Amino acid sequence: MRVGFVGLGAMGMHMARNLHRGGLLAAVWNRTGEKARALASELSVQAPPTLADLASSVDAVVTCVSADADILEVVQQLAPNLRSGALVLDSSTVGAETARKSAELLKPRGVEFLDCPVSGGTEGARDATLAIMVGGNEEAFERAKPILAAMGKAVTHFGPTGSGQAAKATNQIMCAGIIEAVSEAMAFARAQGLPLEKLIDTLGKGAGSSWYFVHRAPNMVRGTFPAGFRVRLHEKDLTICRDMAARFGVTLPVVERMLGEYAELVARGYGDEDISSTFRLKAELFDHTHETNYDSK
Ligand code: NDP
């Protein structure tokens with residue numbers, strides 16, 4: 001199977017490399033073309049100039065772009081040139097409704113769409129250990145398995161189109177609560193004068209531990225928050241969660257609180273930092289000032 005990859009960002013760059021390791025990658029495309037040309041030359045794969053050119057040269061396309069409007073734009077450009085029976089696997093985090101729209105755009109071409117959002121951070125993307133949540137036709141899922149297995153470890157089909165995104169939205173609500181708790185706890189620990197590296201090492205093995213504590217609490221000790229998972233992206237995901245809950249007439253407190261904190265971080269110019277920069281706000285609770293030692297600007 002010849003696979004094309006679209007969207008060579010923090011996640012996509014690693015995922016494309018893993019497809020190459022699995023012997024599946026035939027071509028790459030990125031909006032900022034230089035990234036695609038550099039990777040293509042390193043891996044000896046094609047870097048077609050347009051999405052239409054990429055579409056006509058592959059059996060499947062994996063996409064990993066930012067948000068809802070971006071994937072719809074990409075799918076629209078791919079659709080006319082994909083062959084009947086081709087697969088489009090979208091690993092971006094977008095709304096379930098956007099997944100359904102993408103599937104509708106591809107259906108007249110005889111192309112199957114699977115929503116395949118991922119979890120596990122840039123480390124999971126690099127190590128091919130992503131959890132992948134899939135929605136869409138089961139037969140298409142069976143055909144897509146070798147592609148998904150090259151990028152992730154826990155690959156699960158949840159049901160019809162959109163259910164992968166619904167599972168991912170569930171995960172994003174958990175991430176909000178956990179990063180909030182980790183940031184608050186670390187600000188508290190620092191104020192207590194505890195040796196923070198020792199603390200991470202010990203509590204990392206305790207009942208309150210989590211992936212975020214082990215992998216992102218060290219950012220809080222160093223006072224640098226490189227992306228990672230950008231504040232703006234998680235803000236986008238939580239807006240999706242807010243909209244999905246609103247359909248039930250429900251407002252989710254964890255989601256609303258985190259969106260408030262992200263709005264504050266974006267307003268202060270930290271939108272492209274990793275979400276562990278929530279620590280900036282928590283540290284201020286103890287500093288009694290708006291200026292912290294963690295201002296890297
Ligand atoms: P980045 O911002 O690093 O990369 C985004 C990529 O999408 C870039 O290649 C960008 O191209 C491309 N892109 C954006 N808009 C368009 C468009 N309109 N048309 C074509 N290409 C476009 O994001 P990440 O890699 O971090 O995230 C990608 C997706 O994965 C997001 O939906 C995110 O929510 C999700 N995700 C991210 C995780 C993380 O830890 N970072 C974890 C799990 C999921 P260009 O280079 O030109 O800007």
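## Pocket lining

By class, the lining of the largest pocket holds 16 nonpolar, 18 polar and ten charged residues. The model is predicted. In total, 44 residues line this pocket. Nearest its centre lie Met11, Cys64, Val65, Ser66 and Leu233. The space inside comes to about 1100 Å³.

Several elements supply at least two lining residues each. Among them are helix 4 (68–78), strand 6 (118–119) and helix 6 (121–127). Helix 8 (163–191), helix 10 (211–222) and helix 11 (231–246) also belong to this group. Helix 8 gives the most, with six residues. Both domain 1 (3–160) and domain 2 (166–284) take part, and each provides at least three residues of the lining.

## Strands 4 and 5

Strand 4 (residues 87–90) and strand 5 (residues 112–115) run parallel. Four bridges join them. Asp90 stands opposite Asp115 of strand 5. Between the two strands the chain passes through helix 5 (residues 96–106). This β-α-β crossover is right-handed.

## Leu25 in strand 2

Leu25 sits in strand 2 (residues 25–29). Is this residue buried or exposed? Leu25 has a relative accessibility of 10%, so it counts as buried, the cut-off being under 20%.

Leu25 can also be placed against Ala150. The two residues are 125 apart along the chain. Their C-alpha atoms are separated by 10 Å.

## Backbone points in loops

Which two residues does a cis peptide bond join? They are Ala227 and Gly228, with omega about 5°. Gly228 is in the loop between helix 10 and helix 11. Helix 10 and helix 11 each supply at least two residues of the pocket lining.

Two residues other than glycine have positive phi. Ser44 has a phi of about 55°. Ser44 is in the loop between helix 2 (33–43) and helix 3 (51–56). With a relative accessible area of 65%, Ser44 is exposed, because the cut-off for that class is over 50%.

For Ala128, phi is near 60°. Ala128 lies in the loop between helix 6 and strand 7 (130–135). Ala128 is at 18% relative accessibility and therefore counts as buried.

Technical notes. Residues numbered from 1 in each chain as written. Predicted model: local features only at pLDDT ≥ 70, side-chain atom pairs only at ≥ 80, totals over all residues. Heavy atoms only, no water. 1 Å grid on protein atoms, 1.4 Å probe; cavity = no way out; pocket = protein on both sides within 12 Å on 5 of 7 lines; lining within 4 Å. Points joined across faces, edges and corners; volume = space filled by probe spheres on them. Nonpolar A, V, L, I, M, F, W, Y, C, P; charged D, E, K, R; others polar. Domains from an automatic or database assignment. Pairing = 2+ DSSP bridges. Right-handed = clockwise from strand over helix to strand, strands pointing away. Buried < 20%, exposed > 50% of the residue type's maximum accessible area, 1.4 Å probe, protein only.
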